[in-house]
2 protein chains.
Amino acid sequence: MQHKSLGEEPCPIARGLEHVGEWWSILILRDALDGRRRFDEFQRNLPIAPNMLTRRLSALVDAGLLERRRYNEHPARYEYVPTEAGIDFQPVIAAMFSWGRKHYGPNPLRSLFVYRATGAEAEPVVIDAVTRLPITALDFGFARNPDWDEVG
Amino acid sequence: MQHKSLGEEPCPIARGLEHVGEWWSILILRDALDGRRRFDEFQRNLPIAPNMLTRRLSALVDAGLLERRRYNEHPARYEYVPTEAGIDFQPVIAAMFSWGRKHYGPNPLRSLFVYRATGAEAEPVVIDAVTRLPITALDFGFARNPDWDEVG
């Protein structure tokens, strides 16, 4: 990346962005979580240049979000499978989907976000598991952690 | 941006990333939603070069996520206030916080994500408002919208 590293920032959002903070990375993860595995599959679905796709896939492997697996010996062929950290990104994808849909469309949608068991459309919403309230900027935000050591 | 535009992609995630799909944009939004308004305040909190901060703030204004307001006449001084679309990004921030924290730390956290009314730590989780189930990649995903017109 051409950026300053965010890997040592004290904010988990910044640290996470170190690994996915680029357009293509997030869209590649979206597609990997949607079942795509192979270079051609990613390329068919994304308006991305092959050399950029190669670079982004490698970065996601290095970041521990995709695992590279050989599925053919001769010639050597690889597929990319989400790791646990990659799988755990699905809720972020869902939250982005809801936000993007509300403000940027399109309408109608080409793909819906659904509950797989029934095929019914899901309505992703971010809540606080403690209070069960929906997360809004009015009601929720950041506060200094009293346990954090400034010098540390 | 040096990127191909994603603004006309059929996926709302891609369309949303067109506007925030860059490290700094997301961190600037995070800080704006945390109450920061002025250039100096953003700069103090972010390891970002001034010219880059200027560019990213302008891009967020153009994207309709921040509003530029004059708060002083002579000399002219501006502050940046989240719009409705910007405010609606807080749930995405919360989802990214939970994910980043789980996989990349740090521990302890410098800032906690809290319920403002009580100061108690919140636990952001993305659920499906229809089934009330937590969103996981196993249970939720994309499916073609039968109402979407391939030609349209």
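Helices (H or I, at least four residues) and strands (E, at least two) are DSSP runs, numbered from the N terminus. The model is predicted: local features need pLDDT of at least 70, side-chain atom pairs count only at pLDDT 80 or more, and totals for chains, interfaces and linings use all residues. Side-chain values use heavy atoms, without hydrogens and water, and residues are numbered from 1 along each chain as its sequence is written.

B:Ser25 lies in helix H2 of chain B. Its relative accessibility is 0%, which counts as buried. Buried means under 20% relative accessible area, exposed over 50%, and partly exposed in between (1.4 Å probe, protein chains only). The side chains of B:Ser25 and B:Arg56 are joined by a polar contact of 3.1 Å. A polar contact is a pair of N or O atoms within 3.5 Å; within protein, one must be able to donate a hydrogen and the other to accept it, and residues adjacent in sequence count only if both atoms are side-chain atoms. Neighbours within four places in sequence aside, B:Ser25 is in contact (heavy atoms within 4.5 Å) with B:His19, B:Val20, B:Arg56 and B:Leu60.

B:Arg56 and B:Leu60 also touch B:Ile28. With sequence neighbours within four places left aside, other contacts of B:Ile28 include B:Phe42, B:Leu46 and B:Ile48. B:Ile28 belongs to the largest nonpolar core, which has 90 residues. Such a core is a set of buried Ala, Val, Leu, Ile, Met, Phe, Trp, Tyr and Cys residues joined through side-chain atoms within 4.5 Å. Those with the most contacts inside this core are A:Ile13, A:Ile28, A:Leu65, B:Ile13, B:Ile28 and B:Leu65.

The two chains meet through 86 residues of chain B and 86 residues of chain A. Together they bury about 8,400 Å², 69% of it on carbon and sulfur atoms. Buried area is the accessible area (1.4 Å probe) that two parts lose on being put together, summed over both. In chain B, the most area is lost to chain A by B:Trp23, B:Arg110 and B:Phe142, together 12% of what that side buries.

Between chain B and chain A, 34 residue pairs are in polar contact (both at pLDDT 80 or more). H6(B) gives the most to the side of chain B that touches chain A, with 14 residues. By class, that side has 52 nonpolar, 15 polar and 19 charged residues. Here Ala, Val, Leu, Ile, Met, Phe, Trp, Tyr, Cys and Pro count as nonpolar, Asp, Glu, Lys and Arg as charged, and the others, Gly among them, as polar.

Over all chains, 18 salt bridges are found. A salt bridge is a side-chain nitrogen of Lys or Arg within 4 Å of a carboxyl oxygen of Asp or Glu. Four salt bridges cross the interface of chain B and chain A. One of them joins B:Asp88 and A:Lys102 (2.7 Å, N to O). A:Glu84 and B:Lys102 also form a salt bridge (3.6 Å, N to O). This pair runs from helix H5 (residues 84-87) of chain A to helix H6 of chain B. A:Glu84 is exposed at 53% relative accessibility, and B:Lys102 is exposed at 53%.

Within chain A, A:Glu79 and A:Arg38 meet in a salt bridge (3.6 Å, N to O). A:Glu79 lies in strand E2 (residues 77-82) and A:Arg38 in the loop between helix H2 (23-33) and helix H3 (39-45), so the pair ties together parts that are 41 residues apart in sequence. A:Glu79 is buried at 17%, whereas A:Arg38 is partly exposed at 35%.

Definitions and conventions. Chains are lettered from A and ligands numbered from 1 in the order in which they are written.
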